[in-house]
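Hello,

Here is the structure I promised to pass on to you. Have a look at it first, and then read on for what turned up in it.

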Amino acid sequence: MESFSVSVEEIERIIESLRGGKSLMAVGTTSTRTLESLFWCGVKKLKGHKTDTDNLHLDQFEWVPLSVGDSKHVTRIQALEALVDGLHAPSDRLSGKTGLMITPNSYEFKVVDHLVTNFHAPDSTLMLLVSAFLGANKVKAAYGAAQGKGYRFLSYGDVCVFSKPGSKDLNPFNG
């Protein structure tokens, strides 16, 4: 399980950006897993599950049963709004633990549109997350090109930006 803590103020900024039609870029796999976990915790709250914003919890594959029925139509804005409903003090935080396992060919990203990350070890859960985000074939091609150009891998390696297939193009000069 991985611990997380995010200020309500930050979640409200994310909601406002999403309302404005902006894409969401996460920096790092931990941020990505946290944002995706917050979505599913919001779905839990919308489905009537008891949620304690100081002790949110998401098990490894808990998202699977949450993703069926009416939950298929929950937007990222609705899920995040459900979590921050009633919390508006600057000191309010959403905290908890997640075991969310994001794997290729099963997980559909709900919150994150773009991912900034380094090049991960091929046998890691981080690589599974990146492969689920971009697609295994595209990741293999990107990693092959990076190796061919001498990019460095792992924690002190080079960074890359991946965009979820179907997401808006990144344009740093477009707001």
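Let's start with Trp40: which residues does it touch once its neighbours within four places in sequence are left aside? In this predicted model, Trp40 is in contact with Leu58, Trp63, Leu66, Ser67, Tyr107 and Lys110. Trp40 also belongs to the largest nonpolar core, which has 45 residues. Together with Ile11, Leu38 and Leu94, Trp40 is among the residues with the most contacts inside that core. As background, nonpolar side chains in soluble globular proteins tend to be buried together.

Next, the sheet. It is an open one of 3 strands, in the order E2-E5-E6, and its pairing is mixed. E2 and E6 are the edge strands, each pairing on one side only. On average, and ignoring direction, neighbouring strands here are turned by 20° against each other. Helix H2 packs on this sheet and touches E2 and E5, with its direction at about 130° to that of E2.

Strand E2, residues 25-27, runs in the parallel sense with E5 over 3 bridges, and Ala26 has Leu115 of E5 as its bridge partner. E5 and E6 pair in the antiparallel sense over 5 bridges. Two places to look for this are Thr117, which stands opposite Cys160 in E6, and Val116, whose bridge partner in E6 is Val161.

Is E5 enclosed or open to the outside? Of its 5 residues, 5 are buried, so E5 is largely enclosed by the rest of the structure. Both faces of the strand are covered: His114, Val116 and Asn118 are buried on one side, and Leu115 and Thr117 are buried on the other.

The buried ones are Met127, Leu129, Val130, Ser131, Ala132, Phe133 and Leu134. What do they pack against? Their partners are helix H2 (29-46), strand E5 (114-118), helix H6 (136-148) and strand E6 (159-163).

Just after H5 comes Gly135, which takes a positive phi of about 105°. H6 then packs against H5 at an angle of about 115°, the two axes being 7 Å apart. That angle makes H5 roughly perpendicular to H6. From H5, the residues that meet H6 are Met127, Val130, Ser131 and Leu134, and on the H6 side they find Ala136, Lys138, Val139 and Tyr143. Sorted by class, this contact has 6 nonpolar, 1 polar and 1 charged residues.

Finally, please look at Ala146, which sits in helix H6. Is Ala146 buried or exposed? Its relative accessibility is 4%, under the 20% limit, so Ala146 counts as buried. Apart from neighbours within four places in sequence, Ala146 is in contact with Phe119, Tyr151 and Phe153.

Enjoy exploring it, and write back with any questions.

Best wishes

Terms used. Residues numbered from 1 in each chain as written. Predicted model: local features only at pLDDT ≥ 70, side-chain atom pairs only at ≥ 80, totals over all residues. Heavy atoms only, no water. Core = buried A, V, L, I, M, F, W, Y, C linked by side-chain atoms within 4.5 Å. Buried < 20%, exposed > 50% of the residue type's maximum accessible area, 1.4 Å probe, protein only. Contact = heavy atoms within 4.5 Å. Helix = DSSP H or I, 4+ residues; strand = E, 2+ residues; numbered from the N terminus. Axes fitted to C-alpha atoms, helices over the stretch in contact; angles between N-to-C directions. Parallel < 35°, antiparallel > 145°, perpendicular 65-115°, else oblique. Nonpolar A, V, L, I, M, F, W, Y, C, P; charged D, E, K, R; others polar. Pairing = 2+ DSSP bridges.
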